[in-house]
Amino acid sequence: MRLHVVDHPLVAHKLTTLRDERTDSPTFRRLADELVTLLAYEATRDVRTEQVDIRTPVGPTTGVRLSHPRPLVVPILRAGLGMLDGMVRLLPTAEVGFLGMVRDEETLEAKTYATRMPDDLSGRQVYVVDPMLATGGTLVAAIDLLIERGADDVTALCLLAAPEGVEAMERALAGKPVTVVTAAVDERLNERGYIVPGLGDAGDRMYGTVS
């Protein structure tokens, strides 16, 4: 597994505002969207392309386009939805799947409650988006499912990561074609499994508290 922490002043600036408890939900959603676009730029450096011949107003030339099968973007519900627009802004021809997972607050284990994506992902590059890499359980379960369906190149985009989550993914996904792209790796997890200093519950801060 590869880990890429994006070191850029604009990333740090937007992340600081996301962390601030005074940032309201509309501002949080907008900044998260902007931050994801910056992360996506780094995450798609190895997106697969193929040559294509075109004609400009001046003459012929050779360029590139995204190759087939097209990349698949998979947000993990619900907080991952807040990252979807930022991804498809850079990959407008990508297909979109959905994966519903919830973390059991007692065991901290991830449970799948909904899936909407192709059964066969053979040869597909997949970008899975989830704001927080905390314990790592949710992303490990999601990526295992994607690889089981044939994905041969999976990139996870997270706003924040905890060292415990990174270590858990490295153990569980050793030798698998996985890259994690994040804006920062924070200090630790607290006793409730939240990232410290973190930014709180990303889903609640994007969409409000829903019981």
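How much space lies in the second largest pocket? In this predicted model, where local features need pLDDT of at least 70 and side-chain atom pairs count only at pLDDT 80 or more, totals for chains, interfaces and linings use all residues. Residues are numbered from 1 along each chain as its sequence is written, and side-chain values use heavy atoms, with hydrogens and water left out.

The second largest pocket holds about 210 Å³ of space. Of the 15 residues that line this pocket, the closest to its centre are Arg2, Ala43, Asp46, Thr155 and Thr179. A pocket here is an open set of points on a 1 Å grid where a 1.4 Å probe fits, with protein on both sides within 12 Å along at least five of seven lines, and lining residues have an atom within 4 Å of a point.

Salt bridges, in which a side-chain nitrogen of Lys or Arg lies within 4 Å of a carboxyl oxygen of Asp or Glu, number 14 by this rule. Three of them are listed here.

| Salt bridge | N to O distance |
|---|---|
| Asp46 and Arg2 | 3.7 Å |
| Arg89 and Asp33 | 2.9 Å |
| Arg70 and Glu95 | 3.1 Å |

Because Asp46 lies in the loop between α2 and β2 and Arg2 in strand β1, their pair ties together parts that are 44 residues apart in sequence. Arg89, in helix α3, and Asp33, in helix α2, likewise tie together parts that are 56 residues apart. Asp33 is buried, with a relative accessible area of 15%, whereas Arg89 is partly exposed at 46%; buried means under 20%, exposed over 50%, and partly exposed in between (1.4 Å probe, protein chains only).

Key
Grid points are joined across faces, edges and corners, and a volume is the space filled by probe spheres set on the points. Helices (H or I, at least four residues) and strands (E, at least two) are DSSP runs, numbered from the N terminus.
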